[in-house]
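Open the model in a viewer and keep the selection panel at hand. The stops below say what to select next and what is there.

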Amino acid sequence: MPENRNPYGSVKKSVLDCVGNTPLVSLDRLFPDPGFHVIAKLELMNPGGSMKDRPARFIIQQGLKNGTIPPDAHIIESSSGNLGVAIAMTAKVYGLKFTCVVDPKTTKTNVNILRQLGANVEIVQEPDDQGGYLKTRIQRVKELLHTIPDSFWINQYANDLNWQSHYYGTAKEMAEQLEEPVDVFFAPVSTSGSILGCARRLREKFPHIRIVAVDAVGSVIFGGKPGKRELPGIGSSRVPELLNPDEIDDVVYVSDREAVEGCRSLLGKEGIFAGGSSGSVVAAIRKTLPKLSHPCRVLTLFPDRGDRYLDMVYDDEWVAGLESDVTNQLIVT
Ligand SMILES: Cc1ncc(COP(=O)(O)O)c(C=O)c1O
């Protein structure tokens, strides 16, 4: 055996070292007008399958470093999807326990992935006074924090390290990768961590950039009317503590059906197999293009892969069952 045990380049210490450094790609086939250059950061290439690998890794690494997370901690979070998977992956690497609080709407696939990654999955059953499960889930998180020793709540809606993971990660990389300035940044919103972290970093390099939030019809984040939403990942039934609406220039609302069309055209034209919120940003860019200056450089990100949406976005029967669109609004704040 030769001395050099690593002839193929640097070997990462763990899967967590593979988080980040995702590529930027031009969407010239989807947006062929030469006056509009649309560029997307493929956050779906993170090892846990989504951009949520970044806050999960950042929050746990910082906590272990500064002692707020003890080395034998039991991590608790309410999440039905990407953050749960990302925390489970991170907890595995650090040998931490993890309980993920979910509800009956969480897909079987996600519950299975969480369990395969060693997470303890608690499924709350009681709907709250709004007919959803958010309050019941938070209530359960609080009970677990009282009963489990050395437990630590990630609290993604209120934790500043959430937006900082994107400021020091996603957006730092974008600022370094971009050779020319961009005019507009579109991002799908739920906790608002990614859009705020990116906005704060991108504005340092491109002070005139417009920041456009893409929200789901039926989400209340920006004062919208609460309503039925089916796609996970985008929108929320509560206003996140992290949100500062003054940093957002426009909000574009996208229905589930429009998001599906966005996903399918992204796959059909670019061969990019992405999740629901990526389709939402594609739909939002499409709706907004006629209102943008010409020429224009647009930046966005695609948060997760399509695999976990095979029974939704990519299933014709599921799509046929969606309510027809009630709105097509663009709200300028
Ligand atoms: C697929 C997907 N897209 C978009 C978002 C929104 O990101 P943020 O919570 O940073 O606003 C999430 C968050 O869970 C997500 O899972």
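## Cysteines

A search of the whole structure finds zero disulfides, a disulfide being a pair of cysteine sulfur atoms within 2.5 Å. This is a predicted model, in which local features need pLDDT of at least 70 and side-chain atom pairs count only at pLDDT 80 or more, while totals for chains, interfaces and linings use all residues. Residues are numbered from 1 along each chain as its sequence is written, and side-chain values use heavy atoms, with hydrogens and water left out.

Select Cys198 and Cys296. The sulfur of Cys198 has its closest cysteine sulfur in Cys296, 17 Å away, which is too far for a bond. Cys198 is buried at 0% relative accessible area; buried means under 20%, exposed over 50%, and partly exposed in between, with a 1.4 Å probe and protein chains only. Cys18, at 34%, is partly exposed.

## Aromatic rings

Next, show the aromatic side chains. There are four aromatic pairs in the structure. Rings of Phe, Tyr and Trp (its six-membered ring) pair if their centres lie within 6.5 Å; planes under 30 degrees apart count as stacked, over 60 as edge-to-face and the rest as tilted.

Select Trp163 and Tyr167. Their ring centres are 6.1 Å apart and the planes stand at 85°, so this pair is edge-to-face. Both residues belong to helix α5 (residues 160-177), where being four residues apart separates them by about one helical turn. Helices (H or I, at least four residues) and strands (E, at least two) are DSSP runs, numbered from the N terminus. Tyr167 is buried at 14% relative accessibility.

Tyr168 is partly exposed, at 49%. Ring pairs link Phe58, Trp163, Tyr167 and Tyr168 into a cluster.

What sits over the ring of Tyr167? The charged end of Arg201 does, 4.3 Å from the ring centre; the criterion is NZ of Lys or CZ of Arg within 6 Å of the ring centre and within 35 degrees of the ring normal.

## Sheet

Switch to a cartoon view. Four strands form an open sheet with parallel pairing, in the order β5-β4-β3-β6; two strands pair if DSSP finds at least two bridges between them. The edge strands, β5 (120-123) and β6 (151-153), each pair on one side only.

Select β3 (residues 74-78) and β4 (residues 97-102), which are joined by five bridges. Ile76 has Thr99 in β4 as its bridge partner.
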